[in-house]
Amino acid sequence: MATLSIQPVPLPTQQSPQSLPEGAAVLITPSVQPPFTAIRTLFDHLRSNPAAAASLNATYPKRGIFKSAALTNKLSDQKFTIDLSPTRTSLIPATLRSSLAPHGLEEVTSFFKSVVDNHVSDILSSLSQIAGVDISPLHATKNINFRLCDYNPSTAAPLSENGCGEHTDYGTFSIIFQDGQAGLELQDPLCPTTWHEIPGDATIILAGWCGYILSGGRVCAVRHRVRRMPGVRRLSAVLFVAPDLEVTLKPLVESDVRFSKEVMGGKVRVGWFKDVMGKRWRWREGNLEVEEGEGVVQDEEVGRLVFG
Ligand SMILES: [Fe+2]
């Protein structure tokens with residue numbers, strides 16, 4: 001059994017006298033480190049082999065797996081992503097999987113499996129303690145996704161600082177692994193103009209909207225973003241954990257937070273909430289055209305839904 005070390009995030013005090021509330025973000029010492037050489041190899045292979053990228057995307061035609069909108073869209077997040085999950089990985093035909101194995105795919109999938117096996121239930125237990133209610137049973141189906149990010153300097157807007165626009169994750173929690181390059185920033189919940197830089201070698205757990213709502217606001221969901229440094233490549237690996245899709249998103253404990261009538265009335269389910277949020281984040285990432293409401297900040301729209 002791997003040991004899990006959870007410590008408060010050490011924030012640079014010169015930026016703000018305030019530190020993030022307990023449970024807002026924690027650093028962990030993971031039992032496994034991401035295979036960043038394999039991750040770099042996989043991105044390089046898919047970018048230089050359009051046929052391989054097309055074959056991989058054809059296994060999940062609804063959204064694709066390798067996303068490269070940043071090659072042509074200057075306004076979207078300037079990053080490339082590879083989106084996997086246990087379900088998507090199982091859909092990749094054996095021949096394609098073995099052809100991608102030497103280019104990093106197997107190392108990546110086994111890394112994420114280790115993280116799930118070693119850490120997810122422990123983190124759900126820790127969040128349950130903060131929430132004051134056991135949220136683990138709401139995660140029975142393992143609604144988990146894996147994302148690799150390549151903040152590559154070679155995009156449509158090479159000088160843009162926007163690696164990933166500010167947002168709050170939708171699920172219960174996310175684990176962000178980084179390759180040593182800084183760029184991840186957390187917004188101070190008490191001082192929204194202050195962004196705390198997270199050290200590039202830290203592995204961090206952040207809660208999302210579902211964790212916030214289920215815990216009645218006791219688990220803080222922190223807004224974050226990634227700033228690029230021109231000319232610098234940065235890689236990250238992220239594991240997203242969300243409640244089962246049919247779970248009703250409603251506080252499970254007494255709460256002082258004024259949630260919307262829809263939330264308190266049990267009208268919001270995880271699967272529907274994910275669809276609403278997904279539309280916005282695909283727009284920000286350049287993978288979806290949205291005609292109405294362009295420019296609406298993702299969190300503002302979700303905030304109206306959650307708080308009324
Ligand atoms: Fe995020």
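**View 1. Q187 and its bridge partner in the predicted model.** In this predicted model, Q187 is bridged to W195, a residue of strand β9. Strands β8 (residues 184–188) and β9 (residues 191–197) run antiparallel and are joined by 4 bridges.

**View 2. Helix α5 and its bend at H119.** Helix α5 covers residues 105–131 and bends by about 45 degrees at H119. With 27 residues at 1.5 Å a residue, α5 should span 39 Å; the C-alpha atoms at its ends are 36 Å apart, so the two values agree. G132 follows α5 and has a positive phi, near 80 degrees.

**View 3. Buried residues of α5.** The buried residues of α5 are L105, V108, F111, F112, V115, H119, I123, L124, L127 and A131. Residues three or four places apart in an α-helix point the same way, because there are 3.6 residues a turn. H119, the site of the bend of about 45 degrees, is itself buried.

**View 4. The largest nonpolar core.** This core holds 68 residues, of which L127, I205, L206, C210, I213, L239 and L249 touch the most other members. Helix α5 supplies the largest share of the core, 9 residues. In soluble globular proteins, nonpolar side chains tend to be buried together.

**View 5. Contacts of I213.** Leaving aside residues up to four places away in sequence, I213 touches L249, K250, P251, F259, V263 and V306. Both I213 and L249 are among the core residues that touch the most other members.

Note on methods
Residues numbered from 1 in each chain as written. Predicted model: local features only at pLDDT ≥ 70, side-chain atom pairs only at ≥ 80, totals over all residues. Pairing = 2+ DSSP bridges. Helix = DSSP H or I, 4+ residues; strand = E, 2+ residues; numbered from the N terminus. Core = buried A, V, L, I, M, F, W, Y, C linked by C-beta atoms within 7 Å. Buried ≥ 20, exposed ≤ 12 C-beta atoms within 10 Å, placed from the backbone. Contact = placed C-beta atoms within 7 Å. Expected span 1.5 Å × (residues − 1). Bend = angle between axes of the 7 residues up to and from the residue.
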